[in-house]
Amino acid sequence: MNIPFVNEPFTAFSVQANREAFEEALHKVKSELGQEYPMIIGGQKITGNRTLNSVNPAAKDQVIGTIHQADQELAEKAMQTAAETFHTWKHTDPNERARYLYKAAAIMRRRKHEFSAWMVYEAGKTWPEADADTAEAIDFMEFYAREMQRLSEPQPLVRIAGEDNELTYIPLGVGVVIPPWNFPLAIMAGMTSAALVSGNTVVLKPASTTPVIAAKFVELLEEVGLPDGVVNFLPGQGSAVGDYLVDHAQTRFISFTGSRDVGLRINERAARTAPGQKWIKRVIAEMGGKDSIVVDSDSDLELAAESITASAFGFSGQKCSACSRAIIHKDVYDEVLQKVLERTKKLTMGSPLEVGNYMGPVIDDKAYAKITEYIEIGKGEGRLVHGGKTGDSAGYFIEPTIIADVDPQARISQEEIFGPVLAFIKADSFQDALEIANNTDYGLTGAVISRNRAHLEQARREYFAGNLYFNRKCTGALVGTHPFGGFNMSGTDSKAGGRDYLLLFTQAKLVSEKY
């Protein structure tokens, strides 16, 4: 496609017509709640002996859908189907593979609000958060389609007399895709589309809390005519099928986004060579963060407060890029804390069905318990200045919480909470602030708010994060603009949405002919 890539615009909900269109989509989705979703292997819809209900985290009694769960026998069937399909799919012209994504993106664009509405119900996303998620899913498909076409073109090589040399990027094989629940459409669609457009076949094991959204994406792939067996939809518990898929001798790569503990476990298991395995398995992992915004003594404090508040409490802090630590120079510490507090007090929390609510629920009972436990820990490690309470008991609501005067080595400074909990840390100098920012096991995102060019250049050299932002928030990476992935325990720095990403799903083959 010769049309240059452009990011999908976000919906302006200040426009009455847009609000009405979204309301209509919410009504449509509500009328479809409670349906059953089978597994899909080789195009065949399969029901199992076990099912799992997906529920609305804002209204725990509301069932979004009932998902049939796989066992090891069906996991084996999915693997064999994917392996068999790979023999033909790998030879499909890259431009043809790209066209499936272009068509899927076009249909999703036309039904954008409908996909977003499913996330409002199943993931508890607010309207703008869901809309941004759908826009990113469209971006991933559009971007990776173009990237595959670029990689399929003749690659530049040094020419020598008497030889014809050609470098091509060929697919790896069967991939196991294990996406997260927090970007249940964008990241899931991005991981899956990158794998398939590169010529691989996929066993997709969706997140257990957001499987209906994944099922809707698989329905979209069916609608565009993607051949049976290229993507096999296999919901199931990690203990039941996850380990089996990771360990399988025919698994060529695992693409994972999720927690550090699960990611490390996958990496460890994938490193073992199974009987009959003919390759070293490739692991593409994004595993979270403990991200900081540093505020210098000479900076725009209004910008700092706005960036911190948005980064900390957007989607209730359930982003691997979320700001969970505000590291503030001592000269402006009290003023920045006060400005963030003023903004946080104005945030509204409630049902994401209502357009006016800034924060919805956290994802499930496990997250709810973990976050409330960390709040109690934080009360002992610092000064609670806002929040700390829960909301409507019908859902998993937790107030935006700010804990001040926290030690850089405290648990809430070091451990990923994945919720609306923000630690304020005082730094004696800019150098001290950078050292604090780098003192965790993670290295995903970060931001620096400063007017001091020398300090910004120092941070450019020394702040160890895969995605570092100056004078803006540390969330909201755009496909093609901010290739996303981090260092250390944040994963393999896979740079999703960048020009390097599809290289992780391919291998380079050189053919040299003497003439």
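Predicted model: local features only at pLDDT ≥ 70, side-chain atom pairs only at ≥ 80, totals over all residues.
Me: Hi! Which strand does threonine 201 lie in?
Reply: Threonine 201 lies in strand β8. Strands here are DSSP runs of E with at least two residues, helices are runs of H or I with at least four residues, and both are numbered from the N terminus.

Me: Switching to helix α8, which of its residues are buried?
Reply: In α8 (residues 238-247), the buried residues are Val241, Gly242, Asp243, Leu245 and Val246. They pack against α2 (72-89), β7 (174-178), β8 (201-204), β10 (251-257) and α9 (260-270).

Me: Now sheets. In what order do the strands of the open sheet come?
Reply: The order is β1-β5-β4, 3 strands in an open sheet with mixed pairing. Two strands pair if DSSP finds at least two bridges between them. β1 (35-37) and β4 (50-56) are the edge strands, each pairing on one side only.

Me: In which sense do β1 and β5 pair?
Reply: β1 pairs with β5 (residues 59-69) in the parallel sense, over 3 bridges. For instance, glutamine 35 has glycine 65 in β5 as its bridge partner.

Me: Which helix packs on the sheet?
Reply: Helix α4 (residues 112-122) does, touching β1, β4 and β5, and its direction makes about 115 degrees with that of β5. Angles run from 0 to 180 degrees between N-to-C directions, and axes are lines fitted to C-alpha atoms, for helices over the stretch in contact.

Me: How do the axes of α3 and α6 cross?
Reply: The axes of α3 (residues 94-110) and α6 (residues 186-197) come within 9 Å and cross at roughly 155 degrees. The two helices are therefore roughly antiparallel to each other. That word covers angles over 145 degrees, while under 35 is roughly parallel, 65 to 115 is roughly perpendicular and the rest is oblique.

Me: Which residues make that contact?
Reply: Arg97, Ala98 and Leu101 of α3 meet Ser193, Leu196 and Val197 of α6.

Me: Where is alanine 104?
Reply: Alanine 104 is in helix α3, and it is buried, with a relative accessible area of 0%. Leaving aside neighbours within four places in sequence, alanine 104 is in contact with Met141, Leu220 and Val224.

Me: Last topic, rings! How many aromatic pairs are there in the whole structure?
Reply: A search finds 15. Rings of Phe, Tyr and Trp (its six-membered ring) pair if their centres lie within 6.5 Å; planes under 30 degrees apart count as stacked, over 60 as edge-to-face and the rest as tilted. One of the pairs is tyrosine 368 with tyrosine 396, tilted, at 5.9 Å centre to centre and 55 degrees between the planes.

Note on methods
Residues numbered from 1 in each chain as written. Heavy atoms only, no water. Contact = heavy atoms within 4.5 Å. Buried < 20%, exposed > 50% of the residue type's maximum accessible area, 1.4 Å probe, protein only.
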